[in-house]
Amino acid sequence: MAQPPQQKRTMVDATFVAKLFGLTVRRIQQLTQDGVLATEKVEGNKRRYDLLQTVQKYIGYLQEKVAKKGESKDDAQNESRKIKADADLRAAKAEIAEMELKELRGEMHRSEDVEAMTTDLVFTIRSMILALPGRLAIDLAPLNKPAEISERIKQEVNALLLELSNYKYDADAYRKRVRERQGLSDLLKDDDEEG
């Protein structure tokens, strides 16, 4: 088989390469020292650049540089996202801590605590209503007139309603419930002893 004819190589100096690339001679020398460009010895121990090979190597160098810039831009965007996510996480933790503090102070209540306190109130009302027949049975036995019986029942119901109307929100009861739920009942004892 016949070998393809070798192309004639064009050998140029650093000044020519610098003008070709729009760089300084010093920058061409630096690229050569960094291994980006290569020189060859020619007649008289002078160093020259193979023009075709030098252009190809420099283009490859620039493409690699652009690719790295693209990576660093992605890295910067990823770092920016990470910083934002970290800031969001810290803000969420601070908000949770603030809500827990408000809950401990009795300024804010969880739905399960409100439900438990409401259930307690409902059971109190239920027990009062269930006790009504027993309390009235003895009082109503001697009465014969329906108007008197009605009046006596009305008095007991009004007394029950008056007692219920005195029901007040008890922040300490909510705080106690929260601390017990969170396992802070020992702190509650200390606070009670100080107060």
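Asp50 is buried, with a relative accessible area of 10%, where buried denotes under 20% relative accessible area, exposed over 50% and partly exposed the range in between (1.4 Å probe, protein chains only). The structure is a predicted model, in which local features require pLDDT of at least 70 and side-chain atom pairs count only at pLDDT 80 or more, whereas totals for chains, interfaces and linings use all residues. Residues are numbered from 1 along each chain as its sequence is written, and side-chain values use heavy atoms, with hydrogens and water left out.

The secondary structure comprises seven helices and three strands, defined as DSSP runs numbered from the N terminus (helices, H or I, at least four residues; strands, E, at least two). Along the sequence these elements follow the pattern β-α-α-β-β-α-α-α-α-α. Of the 195 residues in the protein, 15% are buried.

The three strands form an open sheet in the order 1-3-2, with antiparallel pairing. Strand 1 (11-12) and strand 2 (40-42) are the edge strands, each pairing on one side only. Strands are taken to pair if DSSP finds at least two bridges between them, and two bridges join strand 1 to strand 3 (residues 46-50). Within this arrangement, Met11 stands opposite Asp50 in strand 3.

Asp50 also takes part in a salt bridge with Arg9 (3.6 Å, N to O), a link between distant parts of the chain, since Arg9 lies in the segment before strand 1 and Asp50 lies 41 residues away in strand 3. A salt bridge is a side-chain nitrogen of Lys or Arg within 4 Å of a carboxyl oxygen of Asp or Glu. The side chain of Arg9 likewise meets that of Glu40 in a salt bridge (2.4 Å, N to O); Glu40 belongs to strand 2, 31 residues from Arg9. Arg9 is partly exposed, at 44% relative accessible area, and Glu40 is partly exposed at 27%. The structure holds seven salt bridges. Another of these pairs Arg152 with Glu156, with the closest N and O atoms 2.9 Å apart. Both residues lie in helix 5 (residues 146-165), four residues apart, about one turn of the helix. Together with Arg135 and Asp139, they are linked in a network of salt bridges.

The largest nonpolar core has eleven residues, among them Val12, Ala18, Ile28, Tyr49 and Tyr58; such a core is a set of buried Ala, Val, Leu, Ile, Met, Phe, Trp, Tyr and Cys residues joined through side-chain atoms within 4.5 Å. Helix 1 provides the largest share, four residues. In helix 1 (residues 14-21) lies Ala18, which is buried at 3% relative accessibility. Beyond its neighbours within four places in sequence, Ala18 is in contact (heavy atoms within 4.5 Å) with Leu23, Thr24, Val25 and Ile28. The C-alpha atoms of Ala18 and Ile28 are separated by 6.2 Å. Under the exclusion of residues up to four places away, Thr54 touches Val17, Phe21, Leu37, Ala38 and Tyr49. Thr54 lies in helix 3 and is buried, with a relative accessible area of 4%.
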